[in-house]
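The report is meant to be read beside the structure.

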Amino acid sequence: DQNLCGMQKQYLIPTNIQDALNLAASYPEAKYIAGGTDALVHYKQKNLAINTFIDITNISELKGISVSNEEIIIDSCTTLDNIASHPLIQEYYPILIQAAKSVASPVIRLNATIGGNLFCENRCVFFNQSEWWRNSIGNCLKSNGDICIATGGKKNCFSKSSSDIAPALMISDAQVSIASPKVTKLNKIPLYHIYSGNGLSPYNIQANELLLSIHLPIKKTNPFLFYKLRQRKSMDFSSLTIACGLDDQNKKFKISIGSADPAPILWIYDLNQNQKENFETWVINKVKKVRMVDNDFFSRNYRKEMLLYQILSFYNKACF
């Protein structure tokens, strides 16, 4: 424990899953931390009011990649560097390797974990600034203000989901296993269920619940696209992330999008319709409904144009 500026700061280090859950039950405002590459930046910028961290780095049960019951299991504290170099991932999920390697720099990937990336805080150019910067222009809804600076609205926050791993996992039919203080292991649920679509509260799980592992079915590798738009590699978060791929029977075309909407988006197109014109109309209408606003260095219009172009280009290449 440490007392800074009259405020109690606590950094707790459990050694097993049950201890971590017990601590989370005792400290409802606590935040789990592993690599800390996202959470500590928010803490230093005072973007989030965090007084208690529960460091799960030393929990060996949360590290590793294994095979069980015809699925690949990636534990939540496995680093992105380990994922990018693991032979199982290389054989069955090369899209996940591309996604992992697209995150930040090699040094950061040595510490950043897959769980941390899936739960990294939503981003907005008006929110991800220093405290004095935000105070100078007025706080937005996400930092206890009364207006969305990007849109001028007073009800909805459109900060964008910034996980680059989530889109790659979503088109791969990923499921997750989550534990809570009352239930040590919940049933597996589809990954997209954990995202709320609310920029202020982006996740559907409680603060004291803990991501244990990600589960991927073992299946053959199909053609895929992983695309990430950003100003500078190894420095900037994504302005737009796209993952596309075909299912095993080549009957469905899957699209997942990050850094565009308050939640990662998943679309599935039935190829039995088998008409290029139908797909183009379908995806144009889908893109129009994406809740993308001008809260990024790239304009909303440019990002939507890139979104449509990348999807159509890959569809034409993969399906025709």
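What follows describes the overall build of the chain and then its nonpolar cores.

The model is predicted, and the secondary structure of its protein chain comes to eleven helices and 13 strands. A compact globule of 320 residues would have a radius of gyration near 20 Å, and because the protein chain has 20 Å, the value agrees with that expectation. Along the principal axes, the C-alpha atoms fill a box of roughly 65 × 50 × 35 Å. Among contacts with a separation of 6 or more, 61% are made by residues 24 or more positions apart.

Some values for the whole chain are gathered here.

| Property of the protein chain | Value |
|---|---|
| Residues that count as buried | 51% of 320 residues |
| Accessible surface | about 15300 Å² |
| Share of that surface from carbon and sulfur atoms | 49% |
| Distance between the mean positions of the 34 positive and 27 negative charges | 5 Å |

In soluble globular proteins, nonpolar side chains tend to be buried together. The largest nonpolar core here has 39 residues, of which Ile74, Leu118, Ile165, Leu169 and Leu191 touch the most other members. Among the elements that give two or more residues to this core are the strand β6 (71-75) and the helices α7 (114-118) and α9 (165-170). Another core, of 27 residues, lies apart from it and includes Tyr269, Phe279, Val290 and Leu307.

Which residues does Leu118 contact, leaving aside its neighbours within four places in sequence? Leu118 is in contact with Ser163, Ile165, Ala166, Leu169, Leu191, Tyr195, Tyr203, Leu211 and Ile214.

How values were computed: Residues are numbered from 1 along each chain as its sequence is written. This is a predicted model: local features need pLDDT of at least 70, side-chain atom pairs count only at pLDDT 80 or more; totals for chains, interfaces and linings use all residues. Side-chain values use heavy atoms; hydrogens and water are left out. Helices (H or I, at least four residues) and strands (E, at least two) are DSSP runs, numbered from the N terminus. The radius of gyration is taken over C-alpha atoms; the globule rule is 2.2 Å times the number of residues to the power 0.38. Buried means under 20% relative accessible area, exposed over 50%, partly exposed in between (1.4 Å probe, protein chains only). Contact means heavy atoms within 4.5 Å. Accessible areas come from the Shrake-Rupley method with a 1.4 Å probe; for residues, only the protein chains shown count as cover. Lys and Arg count as positive and Asp and Glu as negative; His and the chain ends are not counted. The place of a charge is taken as NZ of Lys, CZ of Arg, CG of Asp or CD of Glu. A nonpolar core is a set of buried Ala, Val, Leu, Ile, Met, Phe, Trp, Tyr and Cys residues joined through side-chain atoms within 4.5 Å.
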